[in-house]
Amino acid sequence: MTPAQAIVAKELRSAYFSPIIYVVGAVFLLIFGVLSYIAVVNAGTQAIRLMQIQGMAAKINLNDLVFRPTFYSTAIILLLVLPILTMRSFAEERKLKTFELLMTSPIGINHIVAGKFVAVLLIYLGMLALTGVVPVVLAMFNSFDWVPVFTGYLGLLLMGALFLAVGVFASAVTENQIVAAFLSFGILLSVWLMGAVGSILGDTPVGNTISYLSFIEHYDRLVRGLVDTKDLVYYACGILFMLFLTHRVVESQRWK
Amino acid sequence: MIDVQHITKRYGDRTAIERVTFSVNKGEVLAFLGPNGAGKTTTMRILTCFMPATEGTATVDGFDCSEQSQEVKARIGYLPETPPVYQELTVLEYLTFVGRLKGMKAAALQQRMPQVIEQVSLGDVRHRLIANLSRGYRQRVGLAQALLHDPPVLILDEPTVGLDPKQIIEIRELIKSLAGSHTVILSTHILPEATAVCQRVVIINEGRIVAVDRPEHLSARLRRSEKISLTVKTPPHDFADRLRGIPGIVSVFAPADGGAYLVECALGRDLRDELARFVVTNDWGLLELKTISMTLEDVFLHLTQHEDGMDERSGGEAPHEARA
(Lines give C-alpha, C1' and ligand atoms only; values in the text may rest on other atoms or scores of the structure.)
Protein backbone atom coordinates (compact mmCIF):
# COMPACT_ATOMS: atom_id res chain seq x y z
CA MET A 1 0.00 0.00 0.00
CA THR A 2 1.45 3.33 -1.04
CA PRO A 3 1.41 6.32 1.35
CA ALA A 4 -1.34 8.00 -0.71
CA GLN A 5 -3.48 4.86 -0.48
CA ALA A 6 -2.78 4.73 3.25
CA ILE A 7 -4.11 8.28 3.57
CA VAL A 8 -7.24 7.39 1.59
CA ALA A 9 -7.82 4.32 3.80
CA LYS A 10 -7.31 6.35 6.96
CA GLU A 11 -9.62 9.14 5.79
CA LEU A 12 -12.39 6.65 4.96
CA ARG A 13 -11.91 4.96 8.30
CA SER A 14 -12.11 8.35 10.09
CA ALA A 15 -15.18 9.33 8.07
CA TYR A 16 -16.85 6.05 9.07
CA PHE A 17 -16.48 7.08 12.71
CA SER A 18 -17.40 10.71 12.23
CA PRO A 19 -21.06 11.78 12.46
CA ILE A 20 -20.50 14.31 9.66
CA ILE A 21 -20.68 11.81 6.83
CA TYR A 22 -23.95 10.32 8.12
CA VAL A 23 -25.63 13.66 8.62
CA VAL A 24 -24.42 15.00 5.27
CA GLY A 25 -25.31 11.78 3.45
CA ALA A 26 -28.75 11.56 5.04
CA VAL A 27 -29.63 15.19 4.33
CA PHE A 28 -28.37 14.92 0.76
CA LEU A 29 -30.30 11.75 0.03
CA LEU A 30 -33.45 13.03 1.74
CA ILE A 31 -33.48 16.24 -0.27
CA PHE A 32 -32.63 14.39 -3.48
CA GLY A 33 -35.54 12.03 -2.78
CA VAL A 34 -37.99 14.84 -2.06
CA LEU A 35 -36.90 16.76 -5.16
CA SER A 36 -37.32 13.76 -7.44
CA TYR A 37 -40.67 12.96 -5.81
CA ILE A 38 -41.88 16.52 -6.50
CA ALA A 39 -40.64 16.21 -10.09
CA VAL A 40 -42.48 12.92 -10.57
CA VAL A 41 -45.73 14.33 -9.13
CA ASN A 42 -45.40 17.39 -11.38
CA ALA A 43 -44.82 15.11 -14.37
CA GLY A 44 -48.03 13.25 -13.41
CA THR A 45 -50.16 16.41 -13.31
CA GLN A 46 -48.73 17.55 -16.62
CA ALA A 47 -49.55 14.18 -18.18
CA ILE A 48 -53.17 14.47 -16.97
CA ARG A 49 -53.42 17.98 -18.42
CA LEU A 50 -52.01 16.81 -21.75
CA MET A 51 -54.51 13.96 -21.78
CA GLN A 52 -57.40 16.40 -21.24
CA ILE A 53 -56.23 18.59 -24.12
CA GLN A 54 -55.43 15.85 -26.58
CA GLY A 55 -58.05 13.41 -25.33
CA MET A 56 -55.61 10.55 -25.37
CA ALA A 57 -52.83 9.14 -23.24
CA ALA A 58 -49.84 11.31 -24.06
CA LYS A 59 -46.35 9.94 -24.15
CA ILE A 60 -44.70 11.85 -21.31
CA ASN A 61 -40.99 12.49 -21.48
CA LEU A 62 -39.45 11.58 -18.10
CA ASN A 63 -36.07 12.96 -19.17
CA ASP A 64 -37.49 16.46 -19.59
CA LEU A 65 -40.05 16.39 -16.80
CA VAL A 66 -38.25 14.49 -14.03
CA PHE A 67 -34.51 14.15 -14.50
CA ARG A 68 -33.61 17.57 -15.79
CA PRO A 69 -35.24 19.58 -12.95
CA THR A 70 -33.90 17.10 -10.39
CA PHE A 71 -30.36 17.41 -11.72
CA TYR A 72 -30.59 21.21 -11.68
CA SER A 73 -31.79 21.35 -8.09
CA THR A 74 -29.19 18.79 -7.02
CA ALA A 75 -26.46 21.21 -8.10
CA ILE A 76 -27.76 23.65 -5.47
CA ILE A 77 -27.79 20.97 -2.78
CA LEU A 78 -24.21 20.04 -3.66
CA LEU A 79 -23.22 23.67 -3.25
CA LEU A 80 -24.49 23.54 0.32
CA VAL A 81 -23.51 19.99 1.23
CA LEU A 82 -20.08 19.32 -0.24
CA PRO A 83 -18.25 22.10 1.64
CA ILE A 84 -19.31 20.31 4.84
CA LEU A 85 -17.81 17.10 3.54
CA THR A 86 -14.43 18.68 2.78
CA MET A 87 -14.07 21.14 5.66
CA ARG A 88 -12.28 18.61 7.88
CA SER A 89 -9.64 17.40 5.50
CA PHE A 90 -6.70 19.72 6.19
CA ALA A 91 -8.18 22.06 8.81
CA GLU A 92 -8.55 19.28 11.36
CA GLU A 93 -5.05 17.93 10.78
CA ARG A 94 -3.66 21.35 11.56
CA LYS A 95 -5.88 21.90 14.56
CA LEU A 96 -4.93 18.54 16.09
CA LYS A 97 -1.25 18.93 15.14
CA THR A 98 -1.28 15.65 13.21
CA PHE A 99 -0.27 17.79 10.27
CA GLU A 100 3.25 17.65 11.70
CA LEU A 101 3.24 13.87 11.33
CA LEU A 102 2.21 14.07 7.67
CA MET A 103 4.72 16.78 6.89
CA THR A 104 7.63 15.00 8.55
CA SER A 105 6.90 11.67 6.88
CA PRO A 106 8.92 10.79 3.80
CA ILE A 107 6.06 11.39 1.36
CA GLY A 108 5.44 14.17 -1.12
CA ILE A 109 2.81 16.83 -0.53
CA ASN A 110 1.17 15.73 -3.78
CA HIS A 111 0.52 12.33 -2.18
CA ILE A 112 -1.13 13.99 0.80
CA VAL A 113 -3.31 16.23 -1.38
CA ALA A 114 -4.21 13.37 -3.72
CA GLY A 115 -5.07 11.10 -0.78
CA LYS A 116 -7.31 13.71 0.82
CA PHE A 117 -9.09 14.47 -2.46
CA VAL A 118 -9.61 10.86 -3.49
CA ALA A 119 -11.04 10.05 -0.06
CA VAL A 120 -13.75 12.72 -0.20
CA LEU A 121 -14.39 11.83 -3.86
CA LEU A 122 -15.02 8.20 -2.90
CA ILE A 123 -17.45 9.28 -0.18
CA TYR A 124 -19.24 11.51 -2.66
CA LEU A 125 -19.36 8.65 -5.21
CA GLY A 126 -21.02 6.50 -2.57
CA MET A 127 -23.66 9.17 -1.96
CA LEU A 128 -24.21 9.56 -5.69
CA ALA A 129 -24.53 5.80 -6.18
CA LEU A 130 -27.34 5.70 -3.62
CA THR A 131 -29.33 8.28 -5.59
CA GLY A 132 -29.30 5.72 -8.43
CA VAL A 133 -32.33 4.17 -6.73
CA VAL A 134 -34.53 6.91 -8.25
CA PRO A 135 -33.88 6.18 -11.97
CA VAL A 136 -33.91 2.42 -11.31
CA VAL A 137 -37.37 2.60 -9.67
CA LEU A 138 -38.70 4.92 -12.39
CA ALA A 139 -37.41 2.52 -15.05
CA MET A 140 -39.70 -0.16 -13.61
CA PHE A 141 -42.82 1.92 -14.34
CA ASN A 142 -41.94 3.83 -17.46
CA SER A 143 -39.39 3.90 -20.19
CA PHE A 144 -37.04 6.77 -20.76
CA ASP A 145 -33.80 7.50 -22.54
CA TRP A 146 -30.91 6.37 -20.32
CA VAL A 147 -28.24 8.37 -22.17
CA PRO A 148 -29.11 11.84 -20.76
CA VAL A 149 -29.43 10.26 -17.30
CA PHE A 150 -25.89 8.90 -17.54
CA THR A 151 -24.49 12.16 -18.88
CA GLY A 152 -26.36 13.99 -16.11
CA TYR A 153 -24.66 11.72 -13.58
CA LEU A 154 -21.35 12.37 -15.31
CA GLY A 155 -22.09 16.09 -14.88
CA LEU A 156 -22.90 15.59 -11.20
CA LEU A 157 -19.70 13.61 -10.76
CA LEU A 158 -17.47 16.17 -12.50
CA MET A 159 -19.07 19.21 -10.94
CA GLY A 160 -19.10 17.55 -7.51
CA ALA A 161 -15.41 16.69 -7.92
CA LEU A 162 -14.69 20.33 -8.72
CA PHE A 163 -16.66 21.41 -5.63
CA LEU A 164 -14.65 18.94 -3.56
CA ALA A 165 -11.36 20.23 -4.97
CA VAL A 166 -12.40 23.78 -4.04
CA GLY A 167 -13.41 22.51 -0.59
CA VAL A 168 -10.09 20.75 0.01
CA PHE A 169 -8.32 23.94 -1.01
CA ALA A 170 -10.40 26.03 1.40
CA SER A 171 -9.67 23.53 4.14
CA ALA A 172 -5.94 23.86 3.55
CA VAL A 173 -6.09 27.62 3.93
CA THR A 174 -7.33 27.69 7.52
CA GLU A 175 -7.34 25.56 10.62
CA ASN A 176 -10.92 26.50 11.44
CA GLN A 177 -13.42 24.08 9.92
CA ILE A 178 -16.29 26.58 9.88
CA VAL A 179 -14.15 29.11 8.06
CA ALA A 180 -13.14 26.38 5.60
CA ALA A 181 -16.75 25.39 4.90
CA PHE A 182 -17.90 28.97 4.50
CA LEU A 183 -14.93 29.88 2.32
CA SER A 184 -15.56 27.04 -0.13
CA PHE A 185 -19.27 27.91 -0.14
CA GLY A 186 -18.37 31.53 -0.92
CA ILE A 187 -15.96 30.60 -3.72
CA LEU A 188 -18.47 28.22 -5.31
CA LEU A 189 -21.37 30.66 -5.14
CA SER A 190 -19.24 33.44 -6.64
CA VAL A 191 -18.14 31.22 -9.51
CA TRP A 192 -21.75 30.13 -10.00
CA LEU A 193 -22.89 33.77 -10.22
CA MET A 194 -20.19 34.44 -12.80
CA GLY A 195 -22.50 32.64 -15.22
CA ALA A 196 -25.20 35.27 -14.59
CA VAL A 197 -22.67 38.12 -14.88
CA GLY A 198 -21.49 36.61 -18.17
CA SER A 199 -24.99 36.52 -19.60
CA ILE A 200 -25.58 40.18 -18.61
CA LEU A 201 -22.46 41.12 -20.57
CA GLY A 202 -23.91 39.16 -23.46
CA ASP A 203 -22.12 37.81 -26.50
CA THR A 204 -18.92 39.83 -26.05
CA PRO A 205 -15.46 38.25 -25.65
CA VAL A 206 -15.42 39.24 -21.97
CA GLY A 207 -18.95 37.98 -21.43
CA ASN A 208 -18.19 34.66 -23.11
CA THR A 209 -15.00 34.20 -21.12
CA ILE A 210 -16.75 34.86 -17.83
CA SER A 211 -19.60 32.52 -18.74
CA TYR A 212 -17.07 29.85 -19.71
CA LEU A 213 -15.39 30.09 -16.31
CA SER A 214 -18.65 29.37 -14.49
CA PHE A 215 -19.27 25.66 -14.03
CA ILE A 216 -23.02 25.85 -14.51
CA GLU A 217 -23.00 26.31 -18.28
CA HIS A 218 -20.90 23.16 -18.70
CA TYR A 219 -23.13 21.23 -16.33
CA ASP A 220 -26.21 22.38 -18.26
CA ARG A 221 -24.97 20.78 -21.49
CA LEU A 222 -24.18 17.47 -19.77
CA VAL A 223 -27.66 17.38 -18.17
CA ARG A 224 -29.19 17.90 -21.62
CA GLY A 225 -27.28 14.86 -22.83
CA LEU A 226 -24.50 16.60 -24.70
CA VAL A 227 -20.99 15.38 -24.00
CA ASP A 228 -18.63 18.01 -25.32
CA THR A 229 -14.85 17.68 -24.89
CA LYS A 230 -14.79 21.39 -24.07
CA ASP A 231 -16.83 20.77 -20.91
CA LEU A 232 -14.82 17.73 -19.86
CA VAL A 233 -11.60 19.71 -20.30
CA TYR A 234 -13.11 22.55 -18.25
CA TYR A 235 -13.81 20.28 -15.28
CA ALA A 236 -10.50 18.39 -15.52
CA CYS A 237 -8.55 21.65 -15.63
CA GLY A 238 -10.60 23.17 -12.81
CA ILE A 239 -10.02 20.18 -10.54
CA LEU A 240 -6.29 20.01 -11.33
CA PHE A 241 -5.92 23.76 -10.85
CA MET A 242 -7.59 23.67 -7.42
CA LEU A 243 -5.48 20.69 -6.35
CA PHE A 244 -2.38 22.50 -7.56
CA LEU A 245 -3.35 25.54 -5.49
CA THR A 246 -3.91 23.26 -2.49
CA HIS A 247 -0.43 21.84 -2.98
CA ARG A 248 1.03 25.35 -3.03
CA VAL A 249 -0.87 26.40 0.08
CA VAL A 250 0.21 23.30 2.02
CA GLU A 251 3.78 23.78 0.86
CA SER A 252 3.73 27.48 1.78
CA GLN A 253 2.79 26.71 5.36
CA ARG A 254 6.30 25.44 5.89
CA TRP A 255 7.61 28.92 5.16
CA LYS A 256 5.47 30.79 7.64
CA MET B 1 25.32 12.47 12.27
CA ILE B 2 23.56 15.77 12.79
CA ASP B 3 25.28 18.98 11.95
CA VAL B 4 23.69 22.37 12.44
CA GLN B 5 25.55 25.42 11.19
CA HIS B 6 24.49 28.96 12.08
CA ILE B 7 20.77 28.45 11.63
CA THR B 8 18.50 31.41 12.15
CA LYS B 9 14.72 31.35 12.03
CA ARG B 10 12.62 34.48 11.89
CA TYR B 11 8.86 34.70 12.05
CA GLY B 12 8.24 38.11 10.57
CA ASP B 13 10.12 40.49 12.84
CA ARG B 14 10.53 38.05 15.66
CA THR B 15 13.70 35.99 15.72
CA ALA B 16 13.00 32.56 17.18
CA ILE B 17 16.54 31.23 17.02
CA GLU B 18 19.70 33.00 16.04
CA ARG B 19 22.90 31.50 14.65
CA VAL B 20 22.48 28.19 16.40
CA THR B 21 25.41 25.85 15.82
CA PHE B 22 25.91 22.40 17.26
CA SER B 23 26.53 18.86 16.13
CA VAL B 24 25.60 15.45 17.39
CA ASN B 25 27.73 12.38 16.90
CA LYS B 26 26.37 9.03 15.91
CA GLY B 27 24.94 7.11 18.83
CA GLU B 28 24.90 10.11 21.12
CA VAL B 29 22.01 11.35 23.24
CA LEU B 30 21.79 15.11 23.38
CA ALA B 31 19.42 17.14 25.52
CA PHE B 32 18.01 20.49 24.60
CA LEU B 33 17.46 22.48 27.72
CA GLY B 34 15.82 25.84 27.94
CA PRO B 35 12.90 27.78 29.34
CA ASN B 36 9.62 27.87 27.44
CA GLY B 37 9.86 29.80 24.20
CA ALA B 38 13.64 29.48 24.01
CA GLY B 39 13.58 27.96 20.52
CA LYS B 40 13.82 24.24 21.26
CA THR B 41 10.77 23.28 19.21
CA THR B 42 11.77 25.60 16.37
CA THR B 43 15.19 23.96 16.12
CA MET B 44 13.59 20.51 16.13
CA ARG B 45 11.09 21.50 13.46
CA ILE B 46 13.92 22.64 11.23
CA LEU B 47 15.81 19.39 11.74
CA THR B 48 12.72 17.34 10.90
CA CYS B 49 12.13 19.39 7.73
CA PHE B 50 8.76 20.60 9.01
CA MET B 51 9.96 24.06 8.15
CA PRO B 52 13.12 25.47 6.66
CA ALA B 53 15.56 27.77 8.40
CA THR B 54 15.72 31.40 7.33
CA GLU B 55 19.51 31.20 7.23
CA GLY B 56 22.12 28.54 7.78
CA THR B 57 22.29 24.84 7.02
CA ALA B 58 21.29 21.73 8.87
CA THR B 59 22.29 18.26 7.74
CA VAL B 60 21.26 14.85 8.97
CA ASP B 61 23.46 11.91 7.96
CA GLY B 62 24.97 14.11 5.27
CA PHE B 63 21.61 15.10 3.74
CA ASP B 64 20.58 18.72 3.70
CA CYS B 65 17.31 19.39 5.54
CA SER B 66 15.98 21.92 3.07
CA GLU B 67 17.16 20.35 -0.18
CA GLN B 68 17.05 16.60 0.41
CA SER B 69 14.13 16.60 2.79
CA GLN B 70 12.75 13.19 1.74
CA GLU B 71 16.07 11.54 2.56
CA VAL B 72 16.20 13.30 5.90
CA LYS B 73 12.58 12.51 6.76
CA ALA B 74 13.16 8.82 6.04
CA ARG B 75 15.94 8.77 8.63
CA ILE B 76 14.14 10.59 11.41
CA GLY B 77 11.58 9.52 13.96
CA TYR B 78 9.92 12.59 15.38
CA LEU B 79 7.73 13.04 18.41
CA PRO B 80 6.29 16.56 18.29
CA GLU B 81 5.25 18.56 21.35
CA THR B 82 1.65 17.39 20.95
CA PRO B 83 1.54 13.67 20.11
CA PRO B 84 0.20 13.56 16.53
CA VAL B 85 -2.51 10.96 17.10
CA TYR B 86 -5.86 10.45 15.42
CA GLN B 87 -8.50 10.07 18.09
CA GLU B 88 -10.85 8.00 15.96
CA LEU B 89 -8.33 5.21 15.32
CA THR B 90 -7.29 2.40 17.62
CA VAL B 91 -3.63 2.14 18.62
CA LEU B 92 -3.01 -0.68 16.15
CA GLU B 93 -4.79 1.09 13.30
CA TYR B 94 -2.86 4.25 14.01
CA LEU B 95 0.51 2.49 14.03
CA THR B 96 -0.41 0.65 10.81
CA PHE B 97 -1.24 3.98 9.21
CA VAL B 98 2.04 5.54 10.35
CA GLY B 99 3.99 2.51 9.12
CA ARG B 100 2.45 2.84 5.66
CA LEU B 101 3.09 6.57 5.71
CA LYS B 102 6.76 5.88 6.39
CA GLY B 103 6.79 3.49 3.46
CA MET B 104 7.21 0.27 5.45
CA LYS B 105 6.43 -3.02 3.76
CA ALA B 106 3.45 -4.93 5.17
CA ALA B 107 5.60 -7.84 6.39
CA ALA B 108 8.14 -5.56 8.07
CA LEU B 109 5.33 -3.62 9.70
CA GLN B 110 3.68 -6.75 11.07
CA GLN B 111 6.98 -7.82 12.52
CA ARG B 112 7.96 -4.45 13.93
CA MET B 113 4.66 -3.38 15.52
CA PRO B 114 4.63 -5.89 18.42
CA GLN B 115 8.23 -4.95 19.28
CA VAL B 116 7.44 -1.24 19.49
CA ILE B 117 4.23 -1.86 21.44
CA GLU B 118 6.29 -3.92 23.87
CA GLN B 119 9.00 -1.22 24.11
CA VAL B 120 6.61 1.52 25.16
CA SER B 121 4.29 -0.92 27.02
CA LEU B 122 1.09 -0.30 25.10
CA GLY B 123 0.08 -3.96 25.03
CA ASP B 124 -3.03 -3.51 27.18
CA VAL B 125 -4.55 -0.75 25.12
CA ARG B 126 -3.65 -1.80 21.58
CA HIS B 127 -7.27 -2.32 20.53
CA ARG B 128 -8.65 0.78 22.20
CA LEU B 129 -9.54 4.02 20.48
CA ILE B 130 -6.91 6.67 21.07
CA ALA B 131 -9.74 9.09 22.00
CA ASN B 132 -10.32 7.00 25.14
CA LEU B 133 -6.68 6.91 26.24
CA SER B 134 -5.17 9.09 28.96
CA ARG B 135 -2.51 11.71 28.32
CA GLY B 136 0.31 9.37 29.30
CA TYR B 137 -0.84 6.62 26.97
CA ARG B 138 -1.21 9.08 24.09
CA GLN B 139 2.32 10.28 24.75
CA ARG B 140 3.50 6.68 24.51
CA VAL B 141 1.56 6.15 21.29
CA GLY B 142 3.38 9.21 19.98
CA LEU B 143 6.67 7.70 21.05
CA ALA B 144 5.78 4.36 19.40
CA GLN B 145 5.04 6.26 16.20
CA ALA B 146 8.51 7.83 16.26
CA LEU B 147 10.23 4.48 16.88
CA LEU B 148 8.15 2.48 14.42
CA HIS B 149 10.30 2.54 11.30
CA ASP B 150 13.45 2.12 13.41
CA PRO B 151 15.05 5.37 12.28
CA PRO B 152 18.73 6.02 13.01
CA VAL B 153 17.86 9.49 14.35
CA LEU B 154 15.20 10.24 16.94
CA ILE B 155 14.01 13.73 17.71
CA LEU B 156 11.79 13.83 20.76
CA ASP B 157 10.14 17.01 21.92
CA GLU B 158 9.56 16.61 25.66
CA PRO B 159 9.13 12.83 25.56
CA THR B 160 8.22 12.35 29.22
CA VAL B 161 5.55 15.02 29.58
CA GLY B 162 2.34 13.68 31.05
CA LEU B 163 3.79 10.38 32.20
CA ASP B 164 3.70 9.12 35.76
CA PRO B 165 7.02 8.67 37.63
CA LYS B 166 7.23 4.95 36.90
CA GLN B 167 6.63 5.49 33.20
CA ILE B 168 9.14 8.33 33.15
CA ILE B 169 11.81 5.96 34.45
CA GLU B 170 10.79 3.34 31.86
CA ILE B 171 10.96 5.81 29.01
CA ARG B 172 14.33 7.11 30.21
CA GLU B 173 15.62 3.55 30.30
CA LEU B 174 14.26 3.07 26.80
CA ILE B 175 16.04 6.18 25.55
CA LYS B 176 19.25 5.10 27.25
CA SER B 177 18.98 1.69 25.60
CA LEU B 178 18.63 3.42 22.22
CA ALA B 179 21.88 5.31 22.73
CA GLY B 180 24.75 3.82 20.78
CA SER B 181 22.64 2.40 17.99
CA HIS B 182 20.53 5.55 17.58
CA THR B 183 21.26 9.25 17.65
CA VAL B 184 18.78 11.00 19.91
CA ILE B 185 17.96 14.65 20.46
CA LEU B 186 15.42 15.33 23.15
CA SER B 187 14.16 18.53 24.63
CA THR B 188 13.20 18.85 28.21
CA HIS B 189 12.84 21.34 30.98
CA ILE B 190 13.25 18.67 33.62
CA LEU B 191 16.90 18.97 34.52
CA PRO B 192 17.52 15.63 36.22
CA GLU B 193 16.25 14.03 33.05
CA ALA B 194 19.05 15.60 31.07
CA THR B 195 21.58 14.42 33.63
CA ALA B 196 20.08 10.94 33.71
CA VAL B 197 19.92 10.15 30.01
CA CYS B 198 22.12 12.47 28.06
CA GLN B 199 25.79 12.54 27.25
CA ARG B 200 25.66 16.19 26.33
CA VAL B 201 23.43 19.12 27.08
CA VAL B 202 22.71 22.15 24.94
CA ILE B 203 21.36 25.04 26.96
CA ILE B 204 19.39 27.43 24.82
CA ASN B 205 17.90 30.72 25.90
CA GLU B 206 16.08 33.35 23.87
CA GLY B 207 17.08 31.66 20.64
CA ARG B 208 20.80 31.46 21.38
CA ILE B 209 22.92 28.61 22.57
CA VAL B 210 24.46 29.60 25.89
CA ALA B 211 26.31 26.39 26.65
CA VAL B 212 27.09 22.98 25.16
CA ASP B 213 28.82 20.38 27.29
CA ARG B 214 28.53 17.22 29.30
CA PRO B 215 26.23 17.74 32.29
CA GLU B 216 29.00 17.21 34.85
CA HIS B 217 31.42 19.51 33.05
CA LEU B 218 28.84 22.24 32.87
CA SER B 219 28.52 22.49 36.60
CA ALA B 220 32.26 22.16 37.12
CA ARG B 221 33.08 24.86 34.62
CA LEU B 222 30.59 27.22 36.06
CA ARG B 223 32.04 26.99 39.51
CA ARG B 224 34.16 30.10 39.68
CA SER B 225 35.23 29.24 43.22
CA GLU B 226 35.08 26.22 45.46
CA LYS B 227 32.46 26.51 48.12
CA ILE B 228 32.65 24.58 51.34
CA SER B 229 29.94 24.25 53.91
CA LEU B 230 31.28 24.00 57.44
CA THR B 231 29.31 23.24 60.60
CA VAL B 232 31.04 23.64 63.94
CA LYS B 233 29.60 22.74 67.34
CA THR B 234 31.08 25.57 69.45
CA PRO B 235 32.61 28.24 67.25
CA PRO B 236 34.36 31.16 68.92
CA HIS B 237 32.71 34.59 68.38
CA ASP B 238 35.41 35.65 65.92
CA PHE B 239 35.40 32.35 64.02
CA ALA B 240 34.62 33.98 60.67
CA ASP B 241 37.52 36.40 61.03
CA ARG B 242 39.89 33.63 62.01
CA LEU B 243 38.84 31.63 58.97
CA ARG B 244 39.54 34.61 56.75
CA GLY B 245 43.07 34.51 58.02
CA ILE B 246 43.74 31.16 56.39
CA PRO B 247 45.53 31.65 53.07
CA GLY B 248 43.42 30.78 50.02
CA ILE B 249 40.09 31.64 51.53
CA VAL B 250 38.27 34.33 49.58
CA SER B 251 35.28 34.98 51.73
CA VAL B 252 33.34 33.56 54.64
CA PHE B 253 29.63 33.83 55.07
CA ALA B 254 28.66 33.53 58.73
CA PRO B 255 25.20 32.28 59.49
CA ALA B 256 23.06 34.38 61.81
CA ASP B 257 21.37 31.40 63.43
CA GLY B 258 24.40 29.26 64.17
CA GLY B 259 24.04 27.01 61.11
CA ALA B 260 26.70 26.15 58.55
CA TYR B 261 29.43 28.61 57.60
CA LEU B 262 29.85 29.03 53.89
CA VAL B 263 33.51 29.24 53.05
CA GLU B 264 34.57 30.28 49.58
CA CYS B 265 38.05 29.29 48.50
CA ALA B 266 40.16 30.37 45.56
CA LEU B 267 39.49 28.35 42.40
CA GLY B 268 41.43 25.11 42.17
CA ARG B 269 42.31 24.92 45.85
CA ASP B 270 40.77 22.31 48.03
CA LEU B 271 41.08 23.60 51.58
CA ARG B 272 39.00 20.92 53.27
CA ASP B 273 42.05 19.37 54.82
CA GLU B 274 43.33 22.67 56.30
CA LEU B 275 39.90 23.61 57.54
CA ALA B 276 39.41 20.28 59.28
CA ARG B 277 42.77 20.49 60.97
CA PHE B 278 42.13 24.10 61.95
CA VAL B 279 38.84 23.25 63.68
CA VAL B 280 40.03 20.02 65.25
CA THR B 281 43.29 21.39 66.70
CA ASN B 282 41.33 24.20 68.36
CA ASP B 283 38.81 21.64 69.67
CA TRP B 284 35.71 23.49 68.47
CA GLY B 285 33.90 20.30 67.49
CA LEU B 286 33.77 19.58 63.78
CA LEU B 287 30.25 18.42 62.86
CA GLU B 288 30.16 18.62 59.10
CA LEU B 289 32.43 19.60 56.24
CA LYS B 290 31.43 19.27 52.60
CA THR B 291 32.01 20.88 49.24
CA ILE B 292 29.03 22.40 47.50
CA SER B 293 28.89 21.73 43.79
CA MET B 294 26.42 23.47 41.53
CA THR B 295 23.61 21.28 40.34
CA LEU B 296 22.36 21.46 36.81
CA GLU B 297 19.50 23.54 38.14
CA ASP B 298 21.94 26.15 39.38
CA VAL B 299 23.78 26.11 36.08
CA PHE B 300 20.56 26.43 34.16
CA LEU B 301 19.21 29.28 36.23
CA HIS B 302 22.58 30.94 36.16
CA LEU B 303 22.85 30.76 32.40
CA THR B 304 19.30 31.67 31.57
CA GLN B 305 18.58 34.33 34.16
CA HIS B 306 21.69 36.30 34.94
CA GLU B 307 22.74 38.52 32.12
CA ASP B 308 26.17 39.01 33.71
CA GLY B 309 26.74 35.27 33.75
CA MET B 310 26.10 35.05 30.05
CA ASP B 311 28.21 38.02 29.09
CA GLU B 312 31.16 36.98 31.14
CA ARG B 313 31.18 33.60 29.53
CA SER B 314 30.30 34.49 26.00
CA GLY B 315 33.92 35.13 25.05
CA GLY B 316 35.30 31.65 25.54
CA GLU B 317 31.95 29.97 25.12
CA ALA B 318 31.89 29.28 21.40
CA PRO B 319 29.93 26.06 20.89
CA HIS B 320 32.70 24.76 18.59
CA GLU B 321 35.07 24.75 21.45
CA ALA B 322 32.62 23.10 23.74
CA ARG B 323 32.11 20.25 21.33
CA ALA B 324 35.47 18.67 22.17
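Which residues in H3(A) meet which residues in H8(A)? The legends below take up this contact and several other views. The structure is a predicted model, in which local features need pLDDT of at least 70, side-chain atom pairs count only at pLDDT 80 or more, and totals for chains, interfaces and linings use all residues. Residues are numbered from 1 along each chain as its sequence is written, and chains are lettered from A and ligands numbered from 1 in the order in which they are written.

**View 1. Packing of H3(A) with H8(A).** Helix H3 (residues 62-86) and helix H8 (residues 146-173) of chain A pack at about 15°, their axes 9 Å apart; axes are lines fitted to C-alpha atoms, for helices over the stretch in contact, and angles run from 0 to 180 degrees between N-to-C directions. H3(A) and H8(A) are therefore roughly parallel (angles under 35 degrees count as roughly parallel, over 145 as roughly antiparallel, 65 to 115 as roughly perpendicular and the rest as oblique). From H3(A), A:Asn63, A:Phe67, A:Phe71, A:Thr74, A:Ala75, A:Leu78, A:Leu82, A:Pro83, A:Leu85 and A:Thr86 meet A:Pro148, A:Val149, A:Gly152, A:Gly155, A:Leu156, A:Met159, A:Gly160, A:Phe163, A:Leu164, A:Gly167, A:Val168 and A:Ser171 of H8(A); residues are in contact if their C-beta atoms, placed from the backbone, lie within 7 Å. This contact has 14 nonpolar, eight polar and no charged residues (Ala, Val, Leu, Ile, Met, Phe, Trp, Tyr, Cys and Pro count as nonpolar, Asp, Glu, Lys and Arg as charged, and the others, Gly among them, as polar).

**View 2. The fold of chain A.** Chain A comprises twelve helices and zero strands, where helices (H or I, at least four residues) and strands (E, at least two) are DSSP runs numbered from the N terminus. The C-alpha trace of chain A spans about 75 × 45 × 30 Å along its principal axes. Of the 256 residues in chain A, 39% are buried (20 or more other C-beta atoms within 10 Å of the residue's own; exposed means 12 or fewer, and partly exposed lies in between, with C-beta atoms placed from the backbone).

**View 3. H1(A) against H3(B).** The axes of helix H1 (residues 3-17) of chain A and helix H3 (residues 91-101) of chain B come within 8 Å and cross at roughly 155°. H1(A) and H3(B) are therefore roughly antiparallel, and their crossing is left-handed. A:Pro3, A:Ala6, A:Lys10 and A:Arg13 meet B:Glu93, B:Phe97, B:Arg100 and B:Leu101. The contact has four nonpolar, no polar and four charged residues.

**View 4. The side of chain B that touches chain A.** Here 22 residues of chain B are in contact with 19 residues of chain A. Helix H2 (69-75), strand S6 (76-79) and H3 of chain B each supply at least two residues of this side, and H3(B) gives the largest share, four residues.

**View 5. Two loop residues of chain B with positive phi.** B:Asp150, in the loop between helix H5 (135-147) and strand S7 (153-157), has phi near 50°. B:Asp150 is partly exposed, with 15 other C-beta atoms within 10 Å. B:Glu158 lies in the loop between S7 and helix H6 (165-178), and its phi is also near 50°. B:Glu158 is buried, with 20 other C-beta atoms within 10 Å.

Key: A crossing is left-handed if the near helix is turned anticlockwise from the far one by less than a right angle, and right-handed if clockwise. Two residues are in contact if their C-beta atoms, placed from the backbone, lie within 7 Å.
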